Amino acid sequence: MKKILSVFLALAMLLCALPAMAETSYTGTGKGFNGDIQVTVTLNDDGSIKSVVVDSYNDTPGICDAALEKVPAAMVELNSINVDTVGGATFTSNGILAAVKDALESNGVDTTALMEKKEVVVEKAADESLECDVVVIGAGGAGLAAAITAEQNGAKVIVVEKMPKVGGNTILAGGAVNAVEDRSEFAIKQNDSVYWHYTQTLSGGDYQGDPELVMTLVENAYDGIQWTKSLGMEWLGEDAVFTVSGGLWPRAWKPAGKASAGFFETYTRYIDGTDKIDLMLNTKAEEILVNADGEACGIVCTGETGNTVTINAKSVIVATGGFAKNVEMRMTYDSIWGILDEKVLSTNHPGATGDGVKMLQKLNADFIQMGNIQLLPLGDPVTGSLSGNIEHGVDSRIFVNKSGLRYGDEGGRRDDMTNDLFAQEDAYMWIVMDSDTYPTGDELNNFGETANELVAAGRAVKADTLEELAALMGVDAENLKATIAEYNEYCIGGAKYGQADQFGRTLFGEPINDGPFYAGARVPTVHHTMGGVRIDTLCRVYNENGEIIPGLYAAGEVTGGIHGSNRLGGNALADTIVFGRIAGESAALEK
Ligand code: ADP
């Protein structure tokens with residue numbers, strides 16, 4: 001007994017002699033969208049959270065910014081590691097949550113109390129009423145091009161965006177913009193012209209596109225790029241012009257920065273530099289107001305705190321994007337596929353829910369070709385995302401199925417390529433290419449990711465020989481080698497070069513014959529809703545009686561009748577710039 005007492009005494013003395021425990025930092029790792037996120041979590045000596053710092057991440061700036069800012073801040077404010085994710089940046093949010101949990105638990109910290117779910121309690125602000133010349137609904141590509149152009153034409157502008165960040169679907173795109181400088185030396189060298197772009201856009205959409213709108217798109221696309229340059233956006237030169245998947249011709253220009261993020265760096269820099277554009281995030285338009293004369297005259301929104309924000313304006317621009325993330329709407333309207341339930345993934349951001357369609361329906365706006373929904377054969381098998389795609393352009397890659405065999409024209413229309421993919425086992429394919437695209441693997445894909453990063457993240461495979469590649473893909477090696485050998489004969493320098501192959505493919509670059517070889521898996525995904533509200537070439541909106549609704553304009557994916565039954569790759573971003581600018585100018589100058 002005495003012995004036990006003296007041990008206790010010694011222990012107690014030892015504990016008293018220790019200094020008060022200071023704050024402690026822990027590091028941990030979680031999986032973001034494009035790879036690992038590393039954090040340092042510092043706890044106060046009472047175990048509460050002092051700070052959460054994201055040390056490194058690989059997710060795309062612009063897309064993940066809101067999560068990087070809000071999730072760590074909420075953890076500190078609420079003293080919880082179980083806080084809400086940020087809409088539109090869910091993967092990054094979850095990566096941060098996982099990294100913080102890992103930091104604490106892998107160091108033996110009991111997280112029971114910190115795991116208590118807590119939500120930021122926001123006090124509802126007073127309802128407010130604002131005035132401007134032009135109100136824009138949606139801060140995606142079309143909305144921000146419209147807002148800036150309206151401002152450049154003298155208008156005071158308010159942009160409302162329901163998500164916590166700008167960008168919409170536009171920021172998720174690879175950045176390719178089809179545009180031709182008519183009769184330029186380069187266009188002549190490419191055997192291209194504005195008229196050829198026009199013809200391919202019309203025929204690629206089965207002549208369902210409105211010829212006037214299509215002509216407006218192709219005639220103004222090159223000027224649209226120059227306009228973004230005037231705002232400071234940087235582009236790669238002629239050498240980088242390529243054929244984007246489903247683009248049918250090498251006329252896609254590439255931004256110099258990461259994928260589409262450059263548009264939004266440019267647009268938001270401009271907006272920050274003017275006091276004539278107010279951008280209101282977390283503000284959801286619910287209704288378009290119409291006055292006694294039938295003119296659109298403002299909108300009613302739900303503000304960040306749940307309050308009502310009424311914005312009175314001389315003109316309203318609807319740039320709310322599409323509805324590919326609204327399963328009910330896409331099942332109702334789809335006239336092409338017949339299968340667009342939730343099992344078919346989508347490349348889209350979560351805000352693509354067709355709000356604009358619903359608001360415009362209440363005004364009896366006219367809608368055109370709502371059943372035309374574009375699928376792409378290029379989605380990530382887990383998330384449906386466009387990013388993670390290892391391909392650069394059409395000429396340098398092939399598609400093979402689970403048997404390791406080519407099965408269709410990889411240079412064809414997007415709808416044809418998707419139909420071909422649905423006919424394969426599990427509607428699952430691999431994109432295969434060689435070191436012509438990635439000499440070392442440290443080069444970037446179209447989404448600002450390196451091939452080696454994708455390999456490390458398990459989103460692509462890489463091998464020195466085709467046998468090893470086939471093993472990593474889980475396909476038959478002999479089939480893969482034979483299908484590639486046959487394909488190579490049609491490539492530049494190959495035996496049959498210049499002919500169409502058995503699938504009708506005519507776009508061939510260098511053969512796939514130099515390791516390292518790369519492959520990445522892809523599945524069909526809902527990508528773009530090509531139908532929408534009917535507009536004229538000034539972006540004015542028609543009602544069901546074929547009359548213009550005064551004061552109302554629309555641009556971007558919410559509109560219909562431009563792309564017909566199948567949109568060319570590279571035409572959507574051109575659409576946002578061209579029609580966004582027209583809508584902005586029309587809305588500003590009308591009043
Ligand atoms: P587009 O390519 O036509 O510009 P995007 O998808 O890039 O389309 O952008 C549309 C934007 O509109 C998205 O950021 C989306 O969150 C936003 N949006 C959609 N519905 C509403 C709404 N009801 N209120 C405010 N913003 C909205």
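This is a predicted model: local features need pLDDT of at least 70, side-chain atom pairs count only at pLDDT 80 or more; totals for chains, interfaces and linings use all residues.
**Entry 1: terms and model**

I count two strands as paired if DSSP finds at least two bridges between them. I take helices (H or I, at least four residues) and strands (E, at least two) as DSSP runs, numbered from the N terminus. Residues are numbered from 1 along each chain as its sequence is written, and side-chain values use heavy atoms, with hydrogens and water left out.

**Entry 2: the chain as a whole**

I found 15 helices and 20 strands in the secondary structure of the chain. The radius of gyration is 27 Å, close to the 25 Å of the globule rule for 591 residues, so the chain is as compact as a globular protein of that length. I note that this radius is taken over C-alpha atoms and that the rule is 2.2 Å times the number of residues to the power 0.38. Along the principal axes, the C-alpha atoms fill a box of roughly 100 × 70 × 45 Å.

I next looked up burial, where buried means under 20% relative accessible area, exposed over 50%, and partly exposed in between (1.4 Å probe, protein chains only). Of the 591 residues in the chain, 56% are buried. The accessible surface comes to about 24000 Å², and 51% of this belongs to carbon and sulfur atoms; the areas come from the Shrake-Rupley method with a 1.4 Å probe, and for residues only the protein chains shown count as cover. For contacts (heavy atoms within 4.5 Å), I noted that 70% of those with a separation of 6 or more join residues 24 or more positions apart.

**Entry 3: the sheet S1-S2-S3**

I recorded an open sheet of three strands in the order S1-S2-S3, paired antiparallel. Strand S1 (24-31) and strand S3 (49-56) are its edge strands, each pairing on one side only. From one strand to the next, the twist averages 25°; axes here are lines fitted to C-alpha atoms, for helices over the stretch in contact, and angles run from 0 to 180 degrees between N-to-C directions.

S1 and strand S2 (residues 36-43) run antiparallel and are joined by eight bridges. S1 and S2 form a hairpin with four residues between them, and glycine 35 in the turn has a positive phi of about 145°. Helix H3 (residues 90-105) lies across S1, S2 and S3 and runs at about 135° to S1.

**Entry 4**

Strand S4 (residues 128-137) pairs with S5 in the parallel sense over four bridges, and valine 136 stands opposite valine 159 in S5. From S4 the chain crosses through helix H4 (residues 141-152) to S5, a right-handed β-α-β crossover. The hand is right if, with the strands pointing away from the viewer, the path from the first strand over the helix to the second runs clockwise.

S5 also pairs with strand S8 (residues 277-280), in the parallel sense and over four bridges. There, isoleucine 277 in S8 is the bridge partner of valine 157.

**Entry 5: backbone points**

As background, most residues other than glycine have a negative phi, and most peptide bonds are trans. I found a cis peptide bond between glycine 515 and proline 516, with omega about 0°. Proline 516 lies in the loop between helix H14 (477-489) and strand S17 (517-529).

Aspartate 206 has a positive phi near 55° and is not a glycine. Aspartate 206 sits in the loop between helix H6 (194-204) and helix H7 (211-230), and is partly exposed at a relative accessible area of 40%. Asparagine 282, also not a glycine, has a positive phi of about 50°; its place is the loop between S8 and strand S9 (284-290).

**Entry 6: threonine 559**

I looked up threonine 559 in the loop between strand S20 (548-554) and helix H15 (571-590). Threonine 559 is buried, with a relative accessible area of 4%. Leaving aside neighbours within four places in sequence, its contacts are Met530, Gly531, Gly532, Val533, Ile535 and Ala554. Arginine 406 is 153 residues from threonine 559 in sequence and 36 Å from it in space, C-alpha to C-alpha.
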